[in-house]
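Colleague: I'd like to learn how to read a structure like this one. Could you walk me through it?

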Amino acid sequence: VGKIHVLSDDLKNKIAAGEVVERPASVVKELIENSIDAGAKNIDISVSGGGNASIQVADDGSGLESDDLKLAFSRHTTSKIESPEDLHRISTLGFRGEALASIASVAKVRAISTVDGGTGSEIAISNGEISEQVPGSIVEGTSISVTDLFFSVPARRKFLKSAKVEFRHVIQVVRRFALSYPEIAFNLIADDKKVLSVRSETLEERIGKVFDPTYRQNILAVDYAKGQFKITGFVGNLNLVRKRRGEQFLFLEGRYIVDRLLNSAVYSAYRSLVSRGEFPFFVLNLKAPLDQVDVNVHPMKIEVRFQDEWRVYHTLKSAVEAALAEILSTIPDLAKFEPPDAASGQDALPFQRQSGQPGGAVGVDTVERAKQYVRTIRVQPQSSEFVNLENIWQVHTKYIVSEIKSGLVVIDQHVAHERILFEQALQALEGSPMPSQTLLFPEVVELPADEFSALIDLFPFLEKIGFRMKEFGKNTVLVEGVPSEMGWEKIRGILKDILDSYETEKREHASFQEAVAASFACHAAVKAGDVLVKEEMQSLVDRLFATKHPYYCPHGRPIIVNLSLDELDRRFERN
Ligand SMILES: Nc1ncnc2c1ncn2[C@@H]1O[C@H](COP(=O)(O)OP(=O)(O)OP(=O)(O)O)[C@@H](O)[C@H]1O
Ligand SMILES: [Mg+2]
């Protein structure tokens, strides 16, 4: 006996009716959903002409017997629900028994399916006519191919966009499934070119594959349960905040959903961290009791209805806040700082106020370095408004401690400088070059042949961040100038590191420039162990607060840790 049956009239009428085939991407979505419902572990998708010409989805799922295969293409035939009560406990992606029928009514379809290594069956459908074929070769599972989309509805065909645009929609659909089912392997081929190829893996690994590898260093795990709700996944730190929407993924038990209220729950958890018009990255999966959700409200099922949406809102918000807790506690409450004996007219910069030798027992060397450092500083007076730059100390030649109105901040000197240089370098790569300092003794650097030729490719980028160099014989360059804040002894390390990131990222990656800027910043920044004089600390803090993201280093580590007076008072049991 077959497993597919025709739904009763009563049940048919209860199902949210409507068109599911809007464009090639909708076909891809329905076919992948069926493959997932069939328990597939591998799903191969191939399209040509962005899906306008043809679409094929092949899986290794449970497959269909010959009679079921034919029945699958009739309206209201499904194996997934049976009685009206089932509508309140849907655990599959499909349930309406409509998708294949809808597709077959507007396109030409061929379907091959095999159950348990049997001989399998193949059918072709055109104009609603099913014709049986000699079974093609398929080892296990089901393969469905769709051509001539909308051939029967020329008006709709006219609305298809270019192959490029339609393909973008296809990628979007595939990407969503790839993120909600990291345990399933997906291959996406477009016009014979491999676009995505991922094997079964963890969600964290999958995020690295679907976006780019740097994402993995910039995501925070979410794992939260409250009552019968459970939320898992990842949210991005501030490095993954974008000016455009597009990297926000919310799933309900694996089903991609669009829900403005729930999206706003996530945004509100970021509160002070992002401003209006900035969108954090997230991939979150929500598990809710089946009777708390109605997925039968929208034909494409991307909108769902929750019994108590505000409860979901608060649960989601708490889940994201818990993940962001560490970030939130590093962000000080920056009220304007007014020293107790605020003398007027002291608006000059602290290091200008200082006369003569900077205080402390520091060597001449350090002082010299400090002077040079101060000279190259881009002055940003804002920070002196909220950080008391007069009360500033270096501890363990690693951290800078300073007073703020609400308590005190501890700043990691290396990552702080790294953030400053990173943003500066990024800006330089996109626009006006960074200043360069001429070396008294130009440095000769010899490299292996392959690295040398890569370095030549990189000359224009390196010049932008302040390097000046030229070819100097075989596999050798002469470095005549370096970025003005960089010590010459670091040249080799930086060049090697930039070459490495060039190898891994190449130039096609959008993040290549970021990778160059990050490796430059990391090497050029002051290190733990470097002694800083007051002026250096002051300017470092000043410039840090002038950056776009003063709280996180390019690798996602915190820069500032905030210790509020409230917290101190609590610890000392003062209130
Ligand atoms: N790739 C597949 N592997 C195994 N069975 C499949 C596959 N695709 C479809 N089927 C079977 O065909 C039936 C009809 O599929 P169809 O997509 O039309 O409806 P549905 O998935 O039940 O509901 P919906 O219209 O909501 O998608 C399914 O219920 C399932 O039993
Ligand atoms: Mg379906």
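**Reading the rings, sheets and cores**

Modeller: Let's begin with a pair of residues: Phe211 and Tyr215 are both buried. Buried means under 20% relative accessible area, exposed means over 50%, and partly exposed is in between (1.4 Å probe, protein chains only). This is a predicted model, where local features need pLDDT of at least 70 and side-chain atom pairs count only at pLDDT 80 or more, while totals for chains, interfaces and linings use all residues. Residues are numbered from 1 along each chain as its sequence is written, chains are lettered from A and ligands numbered from 1 in the order in which they are written, and side-chain values use heavy atoms, leaving out hydrogens and water.

Colleague: How many aromatic pairs does the structure hold?

Modeller: Nine aromatic pairs are present. Rings of Phe, Tyr and Trp (its six-membered ring) pair if their centres lie within 6.5 Å; planes under 30 degrees apart count as stacked, over 60 as edge-to-face and the rest as tilted. Phe211 and Tyr215 make a stacked pair, at 5.0 Å centre to centre with 15° between the planes. The pair of Trp310 and Tyr313 is tilted, because the ring centres are 4.9 Å apart and the planes stand at 55°. Trp310 and Tyr313 are three residues apart in helix H9 (residues 309-330), so about one helical turn separates them. Tyr313 has a relative accessible area of 12%, so this residue is buried.

Colleague: Which residues form one aromatic cluster?

Modeller: Phe211 and Tyr215 again, together with Phe249, Phe251, Tyr256 and Phe281. Tyr256 also has a charge over its ring: the charged end of Arg176 sits there, 4.0 Å from the centre. That label needs NZ of Lys or CZ of Arg within 6 Å of the ring centre and within 35 degrees of the ring normal. Lys108 has its charged end over the ring of Phe151, 5.0 Å from the centre.

Colleague: On to the overall fold. How many helices and strands does the chain come to?

Modeller: There are 18 helices and 24 strands. Both are DSSP runs numbered from the N terminus, with helices (H or I) of at least four residues and strands (E) of at least two. Of the chain's 575 residues, 50% count as buried.

Colleague: What is the order of strands in the open sheet of five?

Modeller: The general idea is that strands of a sheet pair through backbone hydrogen bonds, either parallel or antiparallel. For two strands to count as paired, DSSP must find at least two bridges between them. Here the order is S11-S12-S15-S13-S14, with mixed pairing. Strand S11 (219-226) and strand S14 (255-256) are the edges, each pairing on one side only. Eight bridges link S11 to strand S12 (residues 229-236) in the antiparallel sense, and Val222 stands opposite Gly233 in S12. Helix H6 (residues 163-180) packs on this sheet, touching strand S13 (248-252), S14 and strand S15 (282-287). Helix H8 (residues 260-270) also packs on the sheet, touching S12, S13 and S15.

Colleague: And what is the order of the three strands in the other open sheet?

Modeller: The order there is S21-S23-S22, with antiparallel pairing. Its edges are strand S21 (436-446) and strand S22 (468-471), each pairing on one side only. S21 pairs with strand S23 (residues 476-483) over seven bridges, and Glu446 stands opposite Thr476 in S23.

Colleague: Which residues have the most contacts inside the largest nonpolar core?

Modeller: Val235, Leu252, Leu284, Phe306 and Ile411, in a core of 65 residues. A nonpolar core is a set of buried Ala, Val, Leu, Ile, Met, Phe, Trp, Tyr and Cys residues joined through side-chain atoms within 4.5 Å. H9 gives the most to this core, with eight residues. Apart from it lies another core, of 62 residues, including Val47, Leu64, Leu100 and Ile184. Beyond four places in sequence, the contacts of Val235 (heavy atoms within 4.5 Å) include Val222, Phe281, Leu284 and Val320.

Colleague: Is Arg96 buried or exposed?

Modeller: Arg96 counts as buried, because its relative accessibility is 3%. Arg96 lies in the loop between strand S4 (77-78) and helix H4 (99-106). From Arg96 to Asn296 the C-alpha distance is 8.9 Å, though the two are 200 residues apart in sequence.

Terms used:
Axes are lines fitted to C-alpha atoms, for helices over the stretch in contact, and angles run from 0 to 180 degrees between N-to-C directions.
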